[in-house]
Amino acid sequence: MIHFFYELPFSLPNDEEDFQRWIQLIIASERKKEGDINYIFCNDEYLHKINVDYLQHDTLTDIITFDYGKDNLLASDIYISIERVRENAQEFGVDFSTELLRVMSHGILHLCGYKDKTPEQSQQMRQKEEEKMALFLK
């Protein structure tokens, strides 16, 4: 089951059910099964504390994905900083909704086994993000 939690005044730009269906499409397209997936939308301060406390990274980030899945069953807590998404949208010259879809799909793609540590992995991740973003509201 896919859930959305808000640690700041924010709501998804469309109906939550649209996002749930879209995430389910991504999962199915990667031949995975849906477990409990929690998206937690927060601010920079909230996510920075998680980054320091759990990952020992003293940096700002737009997303942290904790993978609790096993085999083909995806389960996770996915934390997204809305402040980072807004800033990245401005930096990359895209609208907020587009950048939000990119980051949300990015978390699911990590759960599906995609990495982004090398230039080749990053290129594949970007291609997959574009592919999965195109599934929204199909």
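Author: D67 stands opposite S76 in β4. Strand β3 (residues 63–67) and strand β4 (residues 73–81) run antiparallel and are joined by five bridges; two strands pair if DSSP finds at least two bridges between them. Together β3 and β4 form a hairpin with five residues between them, and D71 in the turn has a positive phi of about 55 degrees. Strands here are DSSP runs (E, at least two residues), helices are runs of H or I of at least four, and both are numbered from the N terminus.

This is a predicted model, in which local features need pLDDT of at least 70 and side-chain atom pairs count only at pLDDT 80 or more, while totals for chains, interfaces and linings use all residues. Residues are numbered from 1 along each chain as its sequence is written, and side-chain values use heavy atoms, with hydrogens and water left out.

V94 lies in the loop between α3 (82–92) and α4. With a relative accessible area of 31%, V94 is partly exposed, a class between buried (under 20%) and exposed (over 50%), taken with a 1.4 Å probe and protein chains only. Leaving aside neighbours within four places in sequence, V94 is in contact (heavy atoms within 4.5 Å) with A89 and E99. The C-alpha atoms of V94 and D18, 76 residues apart along the chain, are separated by 21 Å.

In α4, T98, L101, R102, S105, H106, L109 and H110 meet residues of α5, among them M125, R126 and M133.
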